Amino acid sequence: MDSTIPQSVLKASGVVGTWVHDHWAGCLSLSGAFPGLLGLDPVAAAQGVPLATFLDRTHPDDRVRIENYLYAVSAIGGPVEAEFRTCDAQAGIRTLVMRGRIERDATGSVAQGCGIAIDRTEEQSAGLLQTEQVMNRMAEHVIALRGLAQTLQRPVLIERVERLMIEVGFELARFLPEPEDESRH
C-alpha cells in the first residue's frame, strides 16, 4: 500500500489490502489483511496464489459469478469492481469488494491488474439493521391500520390491510436467522 496515505485513513475506508492479478500466470498476489479474511496464509498469498485457490475461498453462491467476471474482465481489460462473500470459518462470512483496473500492454494484450480490497461487511450490516428497523415500524403501523379498519367495519378494507400485514410479515421473516446460523449449545 502507498505509505503516503495514513494507514488509519485506509482502515477507516474499509481497505483491507491490495491485489495484483498476473493474467498470464493465472495467479493473484494479495497483501494486508485481505489474505487472512480469505483464510489464506499471508506469506503464500503475497507470493501469489492460483486463481482457483482464491475462488475456492469465495462463498459457494458467489464463486461461479466471480470466476466468470474475473475471466471476462481479464480478457478485455479495464476497470474492475467485484463484490463477493468469503467462506473462511475463522474470519466468518465477510463481504469484500475488489476494485482496480486490468491494464493492457503496448501491443494491446492484457498485462496485469491491480487494485484494493475493501471489507463492506460492517457497512452492509448497518444497512440491514436500518431496513429491519423500518420494517418493524411498518409492522406497527399496519397493526394500527387493521384496528382502524375493523372499527370502520369495512370487510374489503380489512382484507386489504390483512394482506399487507402478511406481506410485511414475510419481509420481517427475511431478518430471522436461518436454522443453521443459530448457535448450537
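## Loop residue Q153

Q153 sits in the loop that joins helix 6 (121-152) to helix 7 (155-173); helices (H or I, at least four residues) and strands (E, at least two) are DSSP runs, numbered from the N terminus. The model is predicted, with local features needing pLDDT of at least 70 and side-chain atom pairs pLDDT 80 or more, while totals for chains, interfaces and linings use all residues. Residues are numbered from 1 along each chain as its sequence is written, and side-chain values use heavy atoms, without hydrogens and water.

Although Q153 is not a glycine, its phi is positive, at about 55 degrees. Most residues other than glycine have a negative phi. Q153 is exposed, with a relative accessible area of 65% (exposed is over 50%, buried under 20%, partly exposed in between; 1.4 Å probe, protein chains only).

Leaving aside residues up to four places away in sequence, L30 touches T18, W19, P35, L38, L40, A45, A46 and F54 (contact: heavy atoms within 4.5 Å).

## Helix 5

In helix 5, D62, I66, L70, V73 and S74 are the buried residues. They pack against strand 1, helix 4, strand 4, strand 5 and strand 6. Just after helix 5, G77 has a positive phi of about 80 degrees.
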